Amino acid sequence: MTSWEILAVFLSITYLLLAIKQNIWCWFAAFFSTLIYSILFFDASLLMDSFLNVFYLIMAIYGWYSWKYGNGLNKNEELKIISYGLFKNIKIIIYLSIISLILGYYMANYTSADFAYLDTFTTVFAIFATYMLTKKVLENWLYWVVIDFISIYIYINKGFYITAILFGLFTILACVAYRQWKKEYLSFEY
């Protein structure tokens, strides 16, 4: 546990709380928390997690832009929550699982990565879930529940105890966010 990890946790919580409220400032907190985590995870040989956080840096910029200007022609209208539906999500899960197995095999056999398959699984799914969040896709929160829960195990085993607690909190908050976003999504349909 370092002061950098504590700062990254604080910024991560700030990011998630703001994202639940659909506040565009969430992307600034995301940018700086992921910058810190990119370095911490690289130093701990969690290579896929480090890569994932570099991706998050880019997605923080894209997320801000998407939430601010994501409605195409009507730039003044807020981006609305959408749903992919069951069948599209099943297809996504199948494709992402195949990609995870292939990349996990590579990471397990050709790198020094710890938890190669689990780390790859959480990374691949988190990449797509982050994209879903930038587009305000309702089901992104369900993906995060699974990703965050699995991440707890990885972080405990690597000694990132505060981060493991953070991901426990993330798991709970992702459930809360899903309910809140679903309520808003359903109100748009009627």
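**View 1. The loop between α5 and α6 holds K136.** Helices are DSSP runs of H or I with at least four residues, numbered from the N terminus. The phi of K136 is positive, near 55 degrees, and the residue is not a glycine. K136 has a relative accessible area of 2%, so the residue is buried. Buried means under 20% relative accessible area, exposed means over 50%, and partly exposed is in between, with a 1.4 Å probe and protein chains only.

The model is predicted: local features need pLDDT of at least 70, side-chain atom pairs count only at pLDDT 80 or more, and totals for chains, interfaces and linings use all residues. Residues are numbered from 1 along each chain as its sequence is written, and side-chain values use heavy atoms, with hydrogens and water left out.

**View 2. Q22 sits in the loop between α1 and α2.** Q22 is not a glycine, yet its phi is positive, about 60 degrees. Its relative accessible area is 13%, so Q22 is buried.

**View 3. Helix α2 spans residues 26-43.** Its 18 residues reach 26 Å from first C-alpha to last, close to the 26 Å expected at 1.5 Å a residue. The expected span is 1.5 Å times one less than the number of residues. Buried residues of α2 include W27, Y37 and F41. S45 follows α2, with a positive phi near 60 degrees.

**View 4. Helix α6 spans residues 140-157.** This helix has 18 residues and reaches 26 Å from its first C-alpha to its last, close to the expected 26 Å. Among its buried residues are N140, W141, W144 and D148. Just after α6 comes G159, with a positive phi of about 85 degrees.

**View 5. The largest cavity holds about 410 Å³ of space.** Its lining has 29 residues, and the closest to the centre are Y15, Y56, W144, F167 and F170. A cavity is a set of points on a 1 Å grid over the protein atoms alone, where a 1.4 Å probe fits but cannot get out; lining residues have an atom within 4 Å of a point. Grid points are joined across faces, edges and corners, and the volume is the space filled by probe spheres set on the points. The count is one cavity of 30 Å³ or more.

**View 6. Several helices line the largest cavity.** α1, α2, α3, α5, α6 and α7 each supply at least two lining residues. α6 gives the most, with seven. The lining has 20 nonpolar, seven polar and two charged residues. Ala, Val, Leu, Ile, Met, Phe, Trp, Tyr, Cys and Pro count as nonpolar; Asp, Glu, Lys and Arg count as charged; the others, Gly among them, count as polar. Domain 1 (1-79) and domain 2 (82-189) both give residues to this lining, so the cavity lies between them. The domain bounds come from an automatic or database assignment.

**View 7. V176 lies in helix α7.** V176 counts as partly exposed because its relative accessibility is 30%. V176 and I20 are 156 residues apart along the chain, and their C-alpha atoms are separated by 8.3 Å.

**View 8. Y110 lies in helix α4, residues 86-110.** Y110 has 56% relative accessibility, so the residue counts as exposed. Y110 and V54 are 56 residues apart in sequence and 21 Å apart in space, C-alpha to C-alpha.

Note on methods:
1 Å grid on protein atoms, 1.4 Å probe; cavity = no way out; pocket = protein on both sides within 12 Å on 5 of 7 lines; lining within 4 Å.
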